[in-house]
Structure formats: structure tokens, C-alpha cells
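Subject: Structure handover

Hello,

I am passing this structure on to you. Please open it alongside this email and follow along.

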Amino acid sequence: MKVGAWYLGDDRAEFTVWAPRSQSVTLELGERSVELAQKAEGYWSAIVSDVKPGAQYRYRLDDQQSYPDPASQFQPFGVHEASAVVDHQFEWHDGEWKGITLEEMVIYELHVGTFTPEGTFEAIIPRLQTLQELGITTIELMPIAQFPGDSRTDDPKAYRNWGYDGTYPYAVQNSYGGVAGLKKLVDACHQHGISVMLDVVYNHFGPEGTYIHQYGDYFTETYKTPWGQAINYDDAHSHCVRSYFIENALYWLKEFHIDALRLDAVHAICDLGARHFLSELADRVDDLSRQQNRKLYLIAESDLNDVKLVRSKQANGFGLDAQWSDDFHHALHALLTGSDVGYYQDFGTCEDLAKAYRETFVYDWKYAPHRMRFHGAPATDCAMTQFVVCIQNHDQIGNQMKGERLSQLISFEGLKLAAGAIILSPYIPLLFMGEEYGEEVPFTYFVSHSDPELIRLVRQGRKAEFKHFHFDGEPPDPEAVQTYEECILQWERHQAGKYKTLWEFYQELLRMRRSLPALINRDRDSISACAEEEKQFVWLQRSSAEQTLLILMSFNQSEQTFEFPDGQWRKLLDSSDDRWMGKEALPSAHTSVTAPEKGQHGESGQVSAQSFVVYERY
């Protein structure tokens, strides 16, 4: 059942809501009241005349309290006020657009509010050309479903949230520019050859403005999540709840031409039914892909290390297209920073990273000390292009108490090494906004709630979370406007100095990724990796019928000697070259060495501290 208010043209709109517990549902539309007709399975509906786009409305349940529409497509004045009717008419210019394949994806995660000073969808558009020139093929928007803020002002900074506190899954955030702004952005992205992935949250609702409780059995007491009650995917009336979220996914893909959905924290989607919600969702999206003659993607965030998510239906999997691989991030981060707090205590060796290259999951039913249990399952039967890896994203930066980016934790040489490790991998690389030029502003957690008690609980929760990670000191106040403002990118930095050098380095790596045959080939049997713990080396070999590449990564804090393996080799790239500020970026106590231009088996060379070199066999 298609819920929400749908404008039919000619000043007519159809209103549908699921309210199975109610004996009557009344549409409050300005000065008018319209009784909705009861349909099967607890739905209520009416087609109403004299309704113009933008008309505000609520539903009154059982002649008592009235509430916004749980499937509202726009909340012009925030989460507590009336919903508004939307006209989806839009002049699209992407009729020839067929999308980006998984193999072509280079994902750029961004937060709309802090990516530009304006904090809107349309303000992103002038920067698309720069992202295209960098080599980005997909932008991932952090959640844009309506979240709380101060409705008394039009200032976008009055609405501050990462997006995971959304309470209206169908409503495009008002402060970002609403429905029209999002469509303009997607249309512009497609004209630049960039696909759009939207982060959607199907595991919980935010704590403020969640009036959906009043309408139906959207939640279950059977399971608990980190946010409280779980969403009802397998209890009584769950088929209507499942429909609500499946139709939401199709809504973004159809009405906004979104190309892919990132499914947030699917390990918190609790469903023990014979047909898991994610499996049903995959089927429905596949149906839509066939109807539209373009592949639409579902990519799951999960820390379960369970390939059931991406295995085919024939192999008893859910049939999703790809999933996150946190092990890769953790292995690389621990090597670069030396961190051993929290989940990083399960990582820290070069072999961990080498295994992540070879086998995807480091923990593949292996004992994890931090979890104090066995964790994960083997992933070697799945394609490497079914896994997304990164060295920075919103969570991993936000997990630092002050929201420090990697640029504040490691050297410039380390940043280049991190870039090479991610981009030259066989997996789908994800960059977090500003990473490509070494942005230094933080990305901390921020909110704009109106309930003082809720604000107190959020502050208390943040302190408790960092205590778990054994961080000393006080985290920034998530409610403060200053905390939000300090996270706004200083985009112009990428045009000069070391920031420009790093940006051009990322650009060169992405050029290599899409042009060198050995890097284009992502077959698992074309990749080998091994480690030398004593020297802190990770060796990665990538090959194809036309080419073999050898990538030596040194995580050592000083220069080291290496020996060439079998064959004759010539250098394609060295992160310590002068072109990439190799010598300038090193601390004064260190010396820079340059790896040999050529070498063969039996010969040796030197590699600079925290650097990598790419050789081609000839």
C-alpha cells in the first residue's frame, strides 16, 4: 500500500495512512475536516479536491489528538508541525543516464549541512565538477530524512544533525532544500556522470518527533537495539510495517532517481521470519531495476562479517549488492596510528592488513579479544567488488572524542600511504568529504534537540561512549552551534600548498585505478598479499593477462631495505617522490630515500618511512 499524501494534479490529492488501532481517522486540512474511509488491514484513505501543493495537514485519531503524517513527504516547519502536500512534477535531464556499476564506484561520503557554508543540496552542485575531475563516480549523502531543529528561524544552522535522528523517513530535510533541492542535485550529478547513493535508516527512529508510535504497531518488545525498541519486522502486523519501509526505498529510487541506497546498521534490523526483510527488499528493488532498465543497488552497513547479506538467493543469501568491510579500516587504522583501544585491540599487525586484502575479513570465525567471542565468517566465495572499504568515514572520525580526522592523527606521509592502501585495493573505495586534500576541521557529533532532558541524555551518552574507549577529557557539546560550525569544510584549501599536492595525489591514484589493467581486474585469484612484520611491510600483487603490479607498503617509521621478487620491475609511482612533497613532509629527524627506478630478482632497494611504491613487471 502506498502511504502518504500524493498530489494527483488538478488540485486533487490522495491521502492514505496506516492506523489499525483507530476507530476513526480525520484529515485536518486547513479549516476543513475530511473523514477518511477505512480500508483493509487498518489503512485509511480518501481522495480530496481543492488541495494545492504545499497545503498543510494533520491526521486526528479517534476525534482526539492530531499528528503529522508518518509518511509525510515534507515537514516545512520541522518534526512537530503539520505535514505538507508535495507536487513531484520536475523537469529531469537524465533520460540517457544508465548509472555506475559496482566496479566503477568510487564513493564520496558527504554531510549536506557541513559540506558547504550554505548547507544545502543546491550549494553542492558547483563542486561536482571538482569531484568529477578528482575521479569520484558516486556521492553518498548522509541521511536526509527530516530531523529536529528550531522551526522559528530559516537559518539552516538551526537544524543540526548527522541525520540518524530522522523521524519522517519519507520527508526530505527542510533546511537542506526539500524535495526540489534534492531533485536538482541528483539531476546535476547525473549530468556530471556521478551516481547518487542515499543513506537510509531502517533500524530505528530518532528520539524527538516520533509520533509514529500513535498510529500503529511499528515497534516490537521482542528485541532491543542500541536505540531502544526494535522496529517490528516479524511480529503481529509486521507485513504493513515492512511495506512502509519497502515503499520508502522505492520512493527514493523512483521519485528522486537515486541510484543506490546505503542501508544503515543492518545488524540492528531484527527479523527471524522465514523471509528476511532485507531479502524481500532486494527482490522489490530488483523488480524496479528491471522496470527502469537500469541497475539499482542496495549496499549494507554491517559489522557482522556475514556474507549472507550479499550471497545470491540461489546460495540462500539475501541478494544485496555489497556491504561494508570494517575489518579493512580497523587493520589499516591500527597500523597507521598505533591505536589499541576499543575494537582496535583486535588489530595491529601487518598480516591483518594482508589478510584483509586476500580474504576480505580478518575475523572469519576467529576469536576476537575485544568481543570476547568468535566472530565473522569466510568471504572468499564472494566478489571483491561486493565490499566497501575506507580509512575515514563519519563514524570512524566521530568515534574520536574531538572528532579528529586522520590528518590530525598521522603525518602527511601517512596520509598518502593510507590513500594508496585504499584506492589500490580491489574493493570499492569510500572517501569521506575533505579526505582527498587532508581537511583538518573536525567532524564531531552534533544535534539540535528542543527537549532539555533529551539534550542532557545525549551529552551524558557521549561522555559514557568515550569513557568506554578510555579517552580522557570532555567531548565537544553536541548541542552547541559552535560544535556544528567548526565542522564546516574549508573547501578552498584544496587549491594550494600541501592540500593541493594531496588532492593531486588522490587524483593520480584514481586515474591509475581506472586505467591500469591489473587494477581494473578485481578477480580474487588475481590478487596476493603477504606481510613482513619485522620491517612492517605489506606486499600486494595485482595482476591481469596484460600486466602485473607489485605494491610495497611500508608502515615503518624509518627507511627500510627491501629485495625485489622474481622478475624485472620498473617503478610507476613512489609516494615519497619530490612531486608528492616526500622530502618536505618528513620530520627533520628523518631522511628521505627514493626507491630504485628499476630492479630485478636478487637486487635490493630502499623505501622511505611510511610510504609505498608501485612497480610494474616488464
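Below is what turned up, taken topic by topic.

One point before the details: this is a predicted model.

Pockets

The largest pocket holds about 1700 Å³ of space. Its lining is made up of 50 residues. Pro226, Trp227, Asp395, Asn399 and Glu465 lie nearest the centre of this pocket. Which of them gives the most? That is H11, with seven residues. Sorted by class, the lining of the largest pocket has 21 polar, 18 nonpolar and 11 charged residues.

The second largest pocket has a volume of about 290 Å³. Here 17 residues form the lining. Nearest the centre of the second largest pocket are Ile269, Asp271, His276, Lys308 and Phe318. By class, this lining has 10 nonpolar, four polar and three charged residues.

Aromatic pairs

The model has 46 aromatic pairs. One of them joins Phe328 and Tyr357. Their ring centres are 5.1 Å apart, and the planes stand at 90° to each other. That makes the pair edge-to-face. What does this pair tie together? Phe328 lies in helix H7 (residues 326–337) and Tyr357 lies in helix H8 (residues 350–359), so the contact links parts that are 29 residues apart in sequence. Both Phe328 and Tyr357 are buried.

A second example is the pair of Phe537 and Trp539. This one is edge-to-face as well, with 6.2 Å from centre to centre and 80° between the planes. Are these two residues buried or exposed? The cut-off for buried is under 20% relative accessible area. Phe537 has 0% relative accessibility, so Phe537 counts as buried. Trp539 has 10%, so Trp539 counts as buried too.

Charges over rings

Two residues to look up here are Lys2 and Arg127. Lys2 lies over the face of Trp6, at 4.1 Å from the ring centre. Arg127 places its charged end over the ring of Phe115, 5.2 Å from the centre of that ring.

A four-stranded sheet

Now to the sheet. Four strands form an open sheet in the order S1-S2-S6-S5, and the pairing is antiparallel. Strand S1 (4–9) and strand S5 (37–38) are the edge strands. Each of these pairs on one side only. S1 and strand S2 (residues 12–18) pair over five bridges. Within that pairing, Gly4 stands opposite Thr16 in S2.

Two loop residues

Where is Asp10 placed? Asp10 is in the loop between S1 and S2. Its relative accessible area is 75%, so Asp10 is exposed.

Glu41 lies in the loop between S5 and strand S6 (43–49). At 54% relative accessibility, Glu41 also counts as exposed. The cut-off for exposed is over 50%.

Over to you now.

Best wishes

Conventions
Residues are numbered from 1 along each chain as its sequence is written. This is a predicted model: local features need pLDDT of at least 70, side-chain atom pairs count only at pLDDT 80 or more; totals for chains, interfaces and linings use all residues. Side-chain values use heavy atoms; hydrogens and water are left out. Rings of Phe, Tyr and Trp (its six-membered ring) pair if their centres lie within 6.5 Å; planes under 30 degrees apart count as stacked, over 60 as edge-to-face and the rest as tilted. Buried means under 20% relative accessible area, exposed over 50%, partly exposed in between (1.4 Å probe, protein chains only). A charge sits over a ring if NZ of Lys or CZ of Arg is within 6 Å of the ring centre and within 35 degrees of the ring normal. On a 1 Å grid over the protein atoms alone, a cavity is a set of points where a 1.4 Å probe fits but cannot get out, and a pocket is an open set with protein on both sides within 12 Å along at least five of seven lines; lining residues have an atom within 4 Å of a point. Grid points are joined across faces, edges and corners, and a volume is the space filled by probe spheres set on the points. Ala, Val, Leu, Ile, Met, Phe, Trp, Tyr, Cys and Pro count as nonpolar, Asp, Glu, Lys and Arg as charged, and the others, Gly among them, as polar. Two strands pair if DSSP finds at least two bridges between them.
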